[in-house]
Amino acid sequence: MFGKYMLSELKKYLYHKWLLIVMFIIAILIPIMVISLDSFIGEKDIMLMKSRLLRGFNFSQVGYIVLTALYYGQEYQKSALRTSLLCSPNRILFQIVKICCNSLWTLLSLSITTIISILLLGVSSDASVSLENICELINSLIPAYCSTFELTLITGSIVIITKSTIAPIAIMTSMILGLGNILLQYGKFMKYLPVNSVMNGFMIKETSMYLSINTGLIVQSIWCLSLLFIAGILFCRRCTR
């Protein structure tokens, strides 16, 4: 049963042209951004590569938020959700399958983007890129990967709660593109918000302005689980007539 639902969702993803277009843009734009970003003072060789990768993947979260919002949001257009639930009436399983499908495509996109970015960095950099350096670069991206997966789950939850595609895109992308830093000026407690809590994961050196990497990921996980729980309850009780 799970495999049947999963196959259906994978096809639904593939047949949505805007999802494929956004995924293609991410795979092209982020690597170009990575090699185009200016270096900070004192950065060179492997540290410069790390800095560019982390900043590029920070911006890439906008793309994954849009992907997730479009994927979940298509269920709330033209009575699509009613049709989906007629095909898969188990709502809990339906939500699990959608999470797995979206996570799978996110993982695929992250992998492709990482490979292209590291290849372009190796070609454009004067420093030699050894296997050890590649492993070090990928290891530095692990917090960014975790944060991206958490943000996709948060975005999907907001789509379910609001039944809107635009609302989660507006909320989450604005946080990434600067609103989060603006909110920090109103109080230190704002660093516990999603996005803000994991900002140290995208920096070479941690700053006291934000939570530590591990603490930030835990805080964002709490947000993620809380919103998933609320979205799950609302979705199971929602009438689709």
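Angles under 35 degrees count as roughly parallel, over 145 as roughly antiparallel, 65 to 115 as roughly perpendicular, and anything else as oblique. This is a predicted model, where local features need pLDDT of at least 70, side-chain atom pairs count only at pLDDT 80 or more, and totals for chains, interfaces and linings use all residues. Residues are numbered from 1 along each chain as its sequence is written, and side-chain values use heavy atoms, with hydrogens and water left out.

**View 1. Helices α6 and α8 side by side.** Helix α6 (residues 131–162) packs against helix α8 (residues 213–237) at about 25°, with axes 8 Å apart, and the two are therefore roughly parallel. Helices here are DSSP runs (H or I, at least four residues), numbered from the N terminus. Axes are lines fitted to C-alpha atoms over the stretch in contact, and angles run from 0 to 180 degrees between N-to-C directions. The crossing is left-handed, meaning the near helix is turned anticlockwise from the far one by less than a right angle (clockwise would be right-handed). Look for Pro143, Cys146 and Leu153 among the α6 residues in the contact, and Trp223, Leu227 and Phe235 among those of α8; contact means heavy atoms within 4.5 Å. By class, the contact has 17 nonpolar, four polar and one charged residues. Ala, Val, Leu, Ile, Met, Phe, Trp, Tyr, Cys and Pro count as nonpolar, Asp, Glu, Lys and Arg as charged, and the others, Gly among them, as polar.

**View 2. Helices α3 and α5 running antiparallel.** The axes of α3 (residues 45–73) and α5 (residues 91–124) come within 11 Å and cross at roughly 150°, so this pair is roughly antiparallel. Their crossing is right-handed. On the α3 side the contact includes Met49, Phe57 and Tyr64, while α5 brings in Ile99, Cys101 and Leu121, among others. Sorted by class, that gives 11 nonpolar, seven polar and two charged residues.

**View 3. The buried residues of α2.** Helix α2 (residues 17–36) has 20 residues and reaches 28 Å from first C-alpha to last, close to the 28 Å expected at 1.5 Å a residue. That expected span is 1.5 Å times one less than the number of residues. Leu19, Val22, Met23, Ile26, Ala27, Ile30, Pro31 and Val34 are buried, and what covers them includes α1 (2–14), α3 and α5. Buried means under 20% relative accessible area, exposed over 50%, and partly exposed in between (1.4 Å probe, protein chains only). An α-helix has 3.6 residues a turn, so residues three or four places apart point the same way.

**View 4. Isoleucine 171 in α7.** Isoleucine 171 sits in helix α7 (residues 166–184). Isoleucine 171 is partly exposed, at 43% relative accessible area. Its C-alpha is separated by 9.4 Å from that of isoleucine 158, 13 residues apart along the chain.
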